[in-house]
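Take a moment to look over the sequence and the 3D view.

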Amino acid sequence: MTADDESRPFTPVDRPADGAPREAAFYGRRKGKKLRTAQAAHMAQDLPRLAIGLEDVGAAPLAGLFPHPVREVRLEIGFGGGEHLVAEALRHPDVGYIGAEAFLNGIAKATTSVSEKGLANVRLYGDDVIPLLDRLPAASLARIDLLYPDPWPKRRHWKRRFVQADNIDRIARLLMPGGHFRFATDIEHYAAWTLRQFLADARFDWTAERADDWRLAWAGWPGTRYEAKALREGRRPGYYEFQRR
Ligand SMILES: C[S@@+](CC[C@H](N)C(=O)[O-])C[C@H]1O[C@@H](n2cnc3c(N)ncnc32)[C@H](O)[C@@H]1O
């Protein structure tokens, strides 16, 4: 079997047990270039240990997903190549990280760097994150990061944006009281769209203290691959953080 064989299971892919239709679809790419040899080797050797499927996240505390005690668990949605996920996990070895990414090549990259760095506090979920969000226990996450989600700039595609009422409900269910949702985008319209929905939502407070807080990246921010591209192309990022009441 080759590394880019379509039939190769790269993580358990489950559907809701009751067969209920999913409320949201995944519109992005599933696969890109053929994996490099080293990435394919890490996928074969290390992903089985790092990957989680829906059956791994029932009612039990999420801390149990990690081999050592963690003080809290955070989720990054759509981590791309995993650069931010890995940097965060290195900075906070006492925090457990779940990274979700539906793009196979992103999972391969993250698997490679998590293994090469010997990180024990990262688990990877390689599919559309929505069923995972519906499966994770309520109030189980201290932070959820959504960094540079696909912008869907055309009006007819706005409904594909990740930030929608149903996903805000999911985020509200999963964050523990006092937990944080981080959102970054370089698309002004998506920023305004997100801000409008969170400001109108009594379950969240915007943590900004000054009018231009949104221009400042978070302390220790490692950036993301997509952000670097946006900056190269002259677009200005915005950083938004909301706290669950
Ligand atoms: C524009 S990229 C940004 C990647 C990364 N966060 C960064 O800033 O470099 C958005 C990523 O979200 C992933 N994504 C979009 N919808 C998703 C979903 N429903 N479940 C899992 N991943 C998703 C895409 O595959 C893509 O890699």
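Tyrosine 148 sits in the loop between strand 4 (141–147) and helix 6 (165–174); helices (H or I, at least four residues) and strands (E, at least two) are DSSP runs, numbered from the N terminus. This is a predicted model, in which local features need pLDDT of at least 70, side-chain atom pairs count only at pLDDT 80 or more, and totals for chains, interfaces and linings use all residues. Residues are numbered from 1 along each chain as its sequence is written, and side-chain values use heavy atoms, with hydrogens and water left out.

- Tyrosine 148 counts as buried because its relative accessibility is 6%, where buried means under 20% relative accessible area, exposed over 50%, and partly exposed in between (1.4 Å probe, protein chains only).
- Although it is not a glycine, tyrosine 148 has a positive phi of about 55°.
- Tryptophan 152 is found in the loop between strand 4 and helix 6 too, and it has a positive phi of about 40° without being a glycine.
- Here is some background: most residues other than glycine have a negative phi, and most peptide bonds are trans.
- Is tryptophan 152 buried or exposed? With a relative accessible area of 19%, tryptophan 152 is buried.

**The ligand and its surroundings**

- There are 16 residues around the ligand, and Gly78, Glu101, Val129, Leu147 and Thr224 come nearest; a residue is near a molecule or strand if one of its heavy atoms lies within 4 Å of it.
- By class, the shell around the ligand has eight nonpolar, three polar and five charged residues. In this scheme Ala, Val, Leu, Ile, Met, Phe, Trp, Tyr, Cys and Pro count as nonpolar, Asp, Glu, Lys and Arg as charged, and the others, Gly among them, as polar.
- Which residue has a polar backbone atom 2.8 Å from a nitrogen atom of the ligand? That residue is leucine 147.
- For valine 129, the distance from a polar backbone atom to a nitrogen atom of the ligand is 2.9 Å, and for alanine 102 it is 3.3 Å.
- Taken alone the ligand exposes 590 Å², and the protein buries 87% of that; these accessible areas come from the Shrake-Rupley method with a 1.4 Å probe, and for residues only the protein chains shown count as cover.
- The space taken by the ligand is the largest pocket. On a 1 Å grid over the protein atoms alone, a pocket is an open set of points with protein on both sides within 12 Å along at least five of seven lines.

- Asparagine 121 lies in the loop between helix 4 (104–116) and strand 3 (122–125), and it counts as buried because its relative accessibility is 2%.
- A polar atom of the side chain of asparagine 121 lies 3.0 Å from the backbone oxygen of alanine 89.
- Asparagine 105 belongs to helix 4, and with a relative accessible area of 13% this residue is buried.
- How far apart in space are asparagine 105 and glutamine 39, C-alpha to C-alpha? They are 8.9 Å apart, while in sequence they are 66 residues apart.

**Other pairs to find along the chain**

- Arginine 36 is in the segment before helix 1 (37–45), and a relative accessible area of 58% makes arginine 36 exposed.
- The C-alpha atoms of arginine 36 and lysine 109 are separated by 9.5 Å, with the two residues 73 apart along the chain.
- Glycine 179 is part of strand 5 (residues 175–185) and is buried, with a relative accessible area of 2%.
- Glycine 179 and alanine 139 are 40 residues apart in sequence, and 8.6 Å apart in space from C-alpha to C-alpha.
- Aspartate 212, in the loop between strand 6 (204–206) and helix 8 (225–232), is partly exposed, with a relative accessible area of 38%.
- From C-alpha to C-alpha, aspartate 212 and glycine 238 are 9.6 Å apart in space, and they are 26 residues apart in sequence.

Key
Polar contact = N/O pair within 3.5 Å; in protein donor to acceptor, adjacent residues only side chain to side chain. 1 Å grid on protein atoms, 1.4 Å probe; cavity = no way out; pocket = protein on both sides within 12 Å on 5 of 7 lines; lining within 4 Å. Sits in = over half its atoms within 2 Å of the grid points.
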